[in-house]
Amino acid sequence: MTGGVAAYKACEVARELMRADVRVKVVMTAAAQRFVTPLTFRTLTGEPVAVSLWDDPSQRVHHISLAEEADVVVIVPCTANVIAKMAHGRADDILMTTLLATEAPVIIAPAMNTHMWRKGITQANVTTLRERGVLFVEPGTGELACGDTGEGRLATVSEIVDATLAALRRVRSLEGVRLLVTAGPTREPIDPVRFVGNRSSGRQGYAVAEEATRRGADVTLVSGPVSLSAPFGVRCVRVETAAEMRDAVMAAYPAADAVVMTAAVADLRPAAPAADKLKKDAAPDLLSLERTDDILAGLGADKGDRVLVGFAAETGDVVGYARGKLTAKNLDLVVANDVSEPGVGFDSTVNRVVFVNANGEEHMPVMDKRVVASAVLDRLAILLKER
Ligand code: CTP
């Protein structure tokens, strides 16, 4: 809770969540305590209420334990000030340190004066947070405490509770699912020291593996050479070439319920790699290339009831090409992106993707790759249920 007149509505949100069998722990900023007392929430929730970084030195570091044990964090109401502080990674009280330390999904229910909500800087902060994966329960329009009428009123209790319960369902949505993820580029040797490769950083696949593990999946990650370390709890198999990636994928495939193929597998490799380093005087002018196996097409041909997700880096008719791959490789979902767009995709931390499946397309905004990973896994969970 942060300090706003709508603070009393947080009492109702806490009660409704408890009725839905959710365990609720409350963190209050100093300003929030001007509106409602910690005792109210202590009584409502039956849990200690965190009000200061310096609460109780006998306990585990409180903001860290709160951050770690939370499945979802929901800020009701959230002021413009706390939105601004979050957007800049501030950590100056118990709420801000908890927010900075948590890996759980964060939901914000803003409440403020219309002009404060509409102000460019507030909207820029909201955009920053959205790109980083924070969810917003949009404020409604109506009579505000300051006497104005307009946008900025706290969303209704049921809207906030519904958003929280939906996020909680997502948190364990892949419990028990055996997921195979591929990531990174492959390197196809020209000789022992040189290779043909590509600029894939592996970030998107590592983000999928990490988020899937958090949601309860048992993840095997087959990774080409990247500079990332394996996410905690993920079984990581490291490979170099497309042929090695195919072998590692085929070995893990029988035990997989679903595959997310983010790897930028080389389509071509030098036909006759040299056993010894090529001296420049003896180097050929032309490199003769041959096709590698299409790993994903191979999986699609022996699919069973698995769910298969492919990625497609395209230029031009992005959706058209992606749809072609959906059918050609027998996939359930293609995550396509336009690699001609500057600053996103390959070797970047953000991506703009289009989801293409049998029913249509969904164009997404520019998002952090971890947010793209969440969006992919939301759709994967639905596809697994529909099998
Ligand atoms: N893929 C694969 N094996 C390959 C090549 C690609 O499994 N040898 C997978 C990628 O991991 C990705 C999808 O297939 O999920 C990309 O499809 P692909 O048709 O290979 O894309 P492009 O390489 O861009 O192909 P094209 O040049 O035909 O557009």
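A salt bridge here is a side-chain nitrogen of Lys or Arg within 4 Å of a carboxyl oxygen of Asp or Glu. Keep that cut-off handy for the exercises below, and remember that this is a predicted model.

**Exercise 1. Work out whether Arg-214 and Glu-210 make a salt bridge, and how they sit in their helix.**

Step 1: Take the closest N and O atoms of Arg-214 and Glu-210, which are 3.5 Å apart. The cut-off is 4 Å, so the pair counts as a salt bridge.

Step 2: Look at the sequence positions. Both residues belong to helix α9, 4 residues apart, so about one helical turn separates Arg-214 from Glu-210.

Step 3: Check the accessibility. Glu-210 has a relative accessible area of 37% and is partly exposed; Arg-214, at 30%, is partly exposed too.

**Exercise 2. Find what Glu-103 pairs with, and say which parts of the chain that pair ties together.**

Step 1: Glu-103 forms a salt bridge with Arg-214, with 3.2 Å between the closest N and O atoms.

Step 2: Glu-103 lies in the loop between α5 (94-101) and β2 (106-110), while Arg-214 is in helix α9 (residues 203-214), so this bridge ties together parts that are 111 residues apart in sequence.

Step 3: Glu-103 itself is exposed, at 55% relative accessible area.

Step 4: Now zoom out. Glu-103, Glu-210 and Arg-214 are among the members of a salt-bridge network that also includes Arg-170, Glu-211, Arg-215 and Asp-378. Over the whole structure, a search turns up 28 salt bridges.

**Exercise 3. Decide whether each partner in the Asp-92 and Lys-85 salt bridge is buried, partly exposed or exposed.**

Step 1: Start with the contact: the two side chains meet at 2.8 Å, N to O.

Step 2: Lys-85 has a relative accessible area of 13%. Buried means under 20%, so Lys-85 is buried.

Step 3: Asp-92 comes out at 38%, so Asp-92 is partly exposed.

**Exercise 4. Locate the nonpolar surface patch that includes Leu-289, and place Leu-289 in the fold.**

Step 1: The patch is formed by Leu-268, Leu-287 and Leu-289, which together have about 240 Å² of accessible area.

Step 2: Leu-289 is found in strand β13, covering residues 289-291.

Step 3: With 42% relative accessibility, Leu-289 counts as partly exposed. A patch residue needs over 30%, so Leu-289 clears that cut-off.

Key
Residues are numbered from 1 along each chain as its sequence is written. This is a predicted model: local features need pLDDT of at least 70, side-chain atom pairs count only at pLDDT 80 or more; totals for chains, interfaces and linings use all residues. Side-chain values use heavy atoms; hydrogens and water are left out. Patches are made of residues with over 30% relative accessible area and no salt bridge: like charges are joined within 9 Å, nonpolar side chains (Val, Leu, Ile, Met, Phe, Trp, Tyr) within 5 Å. Accessible areas come from the Shrake-Rupley method with a 1.4 Å probe; for residues, only the protein chains shown count as cover. Helices (H or I, at least four residues) and strands (E, at least two) are DSSP runs, numbered from the N terminus. Buried means under 20% relative accessible area, exposed over 50%, partly exposed in between (1.4 Å probe, protein chains only).
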